Amino acid sequence: MVAPVDLRLLANPRDVIRVLRVQLRSSHVLGLTSYEAGRALYWADQGGWVQALGALHRGESCGFTLMLRKGRHMEWHVRPLTYLTLSPPCSHSPAPASAPAAVSARPR
């Protein structure tokens, strides 16, 4: 298993998708074929990211994989984090609207 190149904890699904879109737009420097570069740009700019955003809001994982030259690939994997917030028994604070999510990118 290869260690993540980029591991982040972000406040909400929209921030996660924003990071992914920026990384995919700049992924052409990774040695992508023109087909894979087109897939990355389509996902980032033409709305492929909308399904990923919906999955994160539903508490589901999502990801994106690009094939590099010589059979290697780059993978983005995003999963919502669930956690338990402990507060005093008398507190009746509402739960946050959406949970933080983690995003990682790693070469394989």
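Q: Buried means under 20% relative accessible area, exposed means over 50%, and partly exposed lies in between. With that in hand, which residues of α2 are buried?

A: Happy to start there, and keep in mind that this is a predicted model. In α2, the buried residues are Glu 36, Ala 37, Ala 40, Trp 43 and Ala 44. They sit on the same side of α2, because they cover an arc of only 130 degrees around the axis.

Q: And which residues are exposed on the other side of α2?

A: Look for Ser 34, Tyr 35 and Tyr 42, which are exposed there.

Q: What do the buried residues of α2 pack against?

A: Their partners are α1, α3 and β2.

Q: How many residues does α2 have, and how far does the helix reach?

A: There are 12 residues in α2, and the distance from its first C-alpha to its last is 16 Å. That is close to the 16 Å expected at 1.5 Å a residue. Just after α2 comes Gly 47, with a positive phi of about 100 degrees.

Q: In what sense do β2 and β3 pair?

A: In a regular strand, side chains alternate between the two faces of the sheet. Strand β2 (residues 62-67) and strand β3 (residues 73-80) pair in the antiparallel sense, over 6 bridges. One place to check is Cys 62, whose bridge partner in β3 is Val 78. The hairpin has 5 residues between the strands, and Lys 70 in that hairpin takes a positive phi near 65 degrees.

Q: Where does Leu 10 lie, and is this residue buried or exposed?

A: Leu 10 belongs to strand β1 (residues 6-10). Leu 10 counts as buried because its relative accessibility is 17%, with the cut-off at under 20%. Compare sequence with space here: Leu 10 and Pro 80 are 70 residues apart in sequence, yet their C-alpha atoms are 9.6 Å apart.

Q: How many salt bridges does the count come to?

A: The count comes to 5. One of them joins the side chains of Glu 36 and Arg 39, at 2.8 Å from N to O. These two are 3 residues apart in helix α2, so about one helical turn separates them. Glu 36 is buried, with a relative accessible area of 7%, while Arg 39 counts as partly exposed at 28%.

Q: Are Asp 6 and Glu 60 buried or partly exposed?

A: Take Asp 6 to begin with: at 19% relative accessibility, this residue counts as buried. The side chain of Asp 6 forms a salt bridge with that of Arg 8 (3.1 Å, N to O), and Arg 8 is partly exposed at 33%. Glu 60 is partly exposed, with a relative accessible area of 37%. Its side chain meets that of Arg 58 in a salt bridge of 3.2 Å, N to O, and Arg 58 is exposed, at 56%.

How values were computed:
Residues are numbered from 1 along each chain as its sequence is written. This is a predicted model: local features need pLDDT of at least 70, side-chain atom pairs count only at pLDDT 80 or more; totals for chains, interfaces and linings use all residues. Side-chain values use heavy atoms; hydrogens and water are left out. Two strands pair if DSSP finds at least two bridges between them. Helices (H or I, at least four residues) and strands (E, at least two) are DSSP runs, numbered from the N terminus. Buried means under 20% relative accessible area, exposed over 50%, partly exposed in between (1.4 Å probe, protein chains only). The expected span of a helix is 1.5 Å times one less than its number of residues. The arc is that of the directions from the helix axis to the C-beta atoms. Contact means heavy atoms within 4.5 Å. A salt bridge is a side-chain nitrogen of Lys or Arg within 4 Å of a carboxyl oxygen of Asp or Glu.
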